[in-house]
Amino acid sequence: MHHTRLARSLAVLLLASVFPDSAWAVAPQVVETRTVKLTQTVTLADIPEGCAQLRLWVPVPSDGPWQRVIDAKLVSAPGNARVIEQAEGRGAFVYTEVRNPAPGSASVVFECTVERQGVHFELDGATSANAIQPELFAEALDQNETLMEADAGMRALADKACGDERDVGRQALLLMQYVAASADHYSKDSSKPKCGIGSADNCLMQGGGCCTDLHSLFIALARARGIPARIQFGYRLLDAKAGAPYDPGYRCWIEVFVPGLGWVPNDIVASDGCATPDAHTWASLSSTRVSLWEGRNFQLTPPAAAGAINVMFGGWAELDGKPVDTLPAPDGTPSKLGRSVQFEVLSTTRTPATPALPQ
């Protein structure tokens, strides 16, 4: 199931040879390793009577950078459900199609055991000023991607934030600091929108929003400087939530390609919550994360009738070819496509004398 994604990860590791003057001056540290047993349930509610076709895509954990799925089981699902590896190594989804579904609700239940590593990258002085070879990163340098456009305004902001800096790692730090200083997550400022489409422009206009708003802004700014950047979606499973089923919402984080280090992950929302965010010289991601899928504006496998998907949280559903809105209604009514998880922490180990990571 994971061959495409593993091959893609191995190819990324080989990219270090493209930058011969960019040695691993400061290697990434594996700070912690955590193993969790996880059950996720995604439910589509209010299937109308007379519906002729239900199609459902549900993202599930799969192997990837800093993550290993030890075992996995599709417990239950309607129709002839199966796990399908997505194109371009974007992850794995349970897909099912049901003809004449019974009215009411339909659920997909998936169990797995996931080992996740928490990693810490020192970026200040970690690289040389080697140029990025754009032909290797066409997608992660796309300046016209919907909701993350790197237009002239974004280029001006990125240039102002970075100044004359040419080191890729230091530029990434400056842009992370700029986003943290210019925009607040709704958990820090309750006046910011809690749920939106994840737009770089909206983030600037609103002065913040949800995690996808902030990370879309970072991606637009990085691409404006010619630095490859992309987005990952998944869960944040905090220990305090272990044991009972609950709705985890979703969490996203960015990955930026730094010569000599490869793809470097960071959650700007989490790092902004630290005591001295302006003094950061690092990027990190804790082992509380579970990655589900990578990217936005992509066609699901098999293709959805809606075309490229821009906004997706618990998954994607279509009834008679029409998409189910993944966002809550303006009056706050939740989406008909909901998700709950239940997890148990099987083990946690920390590497001695390493920094504590933002959660």
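This is a predicted model: local features need pLDDT of at least 70, side-chain atom pairs count only at pLDDT 80 or more; totals for chains, interfaces and linings use all residues.
1. **Overall make-up.** The protein chain has 359 residues, and 53% of them are buried. Its secondary structure comprises six helices and 16 strands. Among contacts with a separation of 6 or more, 75% are between residues 24 or more positions apart.

2. **The β2–β5 pair.** Within this order, β2 and β5 pair in the antiparallel sense, with eight bridges. R55 stands opposite E97 in β5.

3. **R55 and E97.** R55 belongs to strand β2 (residues 53–60) and E97 to strand β5 (residues 92–99). The two are 42 residues apart, so the pair links distant parts of the chain. Are the two partners buried or partly exposed? R55 has 12% relative accessibility and therefore counts as buried. E97, at 31%, counts as partly exposed.

4. **Salt bridges in total.** The structure holds 16 salt bridges. Some share partners: R55, E97, R99 and E318 are joined into one network in this way. The R55–E97 contact should be read with that network in view.

5. **D124 and R170.** Here the closest N and O atoms of the salt bridge are 2.9 Å apart. The pair links distant parts of the chain, 46 residues apart. D124 is in the loop between β6 (104–122) and α2 (152–162). R170 is in helix α3 (residues 168–182). Both ends are partly exposed: D124 has a relative accessibility of 41%, and R170 has a relative accessible area of 30%.

6. **R289 and D267.** This salt bridge has its closest N and O atoms 2.8 Å apart. R289 lies in strand β13 (residues 289–294). D267 is in the loop between β11 (262–266) and α6 (268–272). The pair therefore ties together parts that are 22 residues apart in sequence. R289 and D267 are both buried.

7. **β6 and its partners.** With strand β1 (residues 29–47), β6 pairs in the antiparallel sense over 16 bridges. V30 stands opposite V119 in β6. Strand β3 (residues 67–76) also runs antiparallel to β6, and eight bridges join them. There, D71 has T113 of β6 as its bridge partner. Four bridges join β6 to strand β12 (residues 282–285), again antiparallel. In this case H120 stands opposite S284 in β12.

8. **The largest pocket.** How much space lies in the largest pocket? The volume is about 770 Å³. There are 27 lining residues, and those closest to the centre are Y186, D247, P248, G249 and Y250. By type, the lining divides into 12 nonpolar, nine polar and six charged residues. Strand β16 (residues 337–350) gives the largest share of the lining, which is three residues.

9. **T349 in β16.** T349 is placed in strand β16. Its relative accessible area is 47%, so T349 counts as partly exposed. Leaving aside residues up to four places away in sequence, T349 touches V31, E32 and T33. The residue S287 is 62 residues from T349 along the chain, and their C-alpha atoms are separated by 10.0 Å.

Key
Residues are numbered from 1 along each chain as its sequence is written. Side-chain values use heavy atoms; hydrogens and water are left out. A salt bridge is a side-chain nitrogen of Lys or Arg within 4 Å of a carboxyl oxygen of Asp or Glu. Buried means under 20% relative accessible area, exposed over 50%, partly exposed in between (1.4 Å probe, protein chains only). Two strands pair if DSSP finds at least two bridges between them. On a 1 Å grid over the protein atoms alone, a cavity is a set of points where a 1.4 Å probe fits but cannot get out, and a pocket is an open set with protein on both sides within 12 Å along at least five of seven lines; lining residues have an atom within 4 Å of a point. Grid points are joined across faces, edges and corners, and a volume is the space filled by probe spheres set on the points. Ala, Val, Leu, Ile, Met, Phe, Trp, Tyr, Cys and Pro count as nonpolar, Asp, Glu, Lys and Arg as charged, and the others, Gly among them, as polar. Contact means heavy atoms within 4.5 Å.
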